Amino acid sequence: MQLLNPLKHLLQRIKKKLVKNLTTEKERIERRLTELSVEVGKCLNGESNFTTDILTMSINSTKDELNSIQKRLTECEKSLEEKNDVLNKLDYYYTQFTSWADEFDNASQERKKMIICTLFKEITVGKGYKIEILMDSSYEQFLR
């Protein structure tokens, strides 16, 4: 079982809710745009209480709002997909890391060296047994 499944499910629920809210808002704005277009027809027939200038400004404003909602919807979907990708990578590193930890306990000396070389870029032992460890950047990000 993957470590981050509950987090992935939560992320999917949040994504669906945000997408639903933005889609509902987009549909509301599209209906308003349709109503304004109908009002333009009434204006041309002399049946509207609004001038063409007011309707034009309202239509332009509504189109701008619609474009803004569409942009937010796209950004939201992209952001959540990126977060999902990060969680998938973390899940991979966690699985790899824990399997090496289990394997490390029962491994031969050569295998232990290989595991250490994969996890760490550099290990320096200085005077007074001062140890400096430089981790591989992928696993360092995982540990943070």
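**Elements of the chain**

Helices (H or I, at least four residues) and strands (E, at least two) are DSSP runs, numbered from the N terminus. By this definition the chain has 4 helices and 2 strands. Their order from the N terminus is α-α-α-β-β-α.

The structure is a predicted model, in which local features need pLDDT of at least 70 and side-chain atom pairs count only at pLDDT 80 or more, while totals for chains, interfaces and linings use all residues. Residues are numbered from 1 along each chain as its sequence is written, and side-chain values use heavy atoms, with hydrogens and water left out.

**Surface and contacts**

The chain has 144 residues, and 21% of them are buried; buried means under 20% relative accessible area, exposed over 50%, and partly exposed in between (1.4 Å probe, protein chains only). The accessible surface (Shrake-Rupley method, 1.4 Å probe) of the chain is about 10,900 Å², with 54% belonging to carbon and sulfur atoms.

A contact means heavy atoms within 4.5 Å. Of the contacts in the chain between residues at least 6 apart in sequence, 53% join residues at least 24 apart.

**Cysteines**

The structure contains 0 disulfides, a disulfide being a pair of cysteine sulfur atoms within 2.5 Å. C76 counts as buried because its relative accessibility is 13%, whereas C117 counts as exposed because its relative accessibility is 60%.

**The loop residue Y129**

Y129 lies in the loop between β1 (120–125) and β2 (131–135). Its phi is near 60 degrees, a positive value in a residue other than glycine. Most residues other than glycine have a negative phi. Y129 is exposed, since its relative accessible area is 74%.
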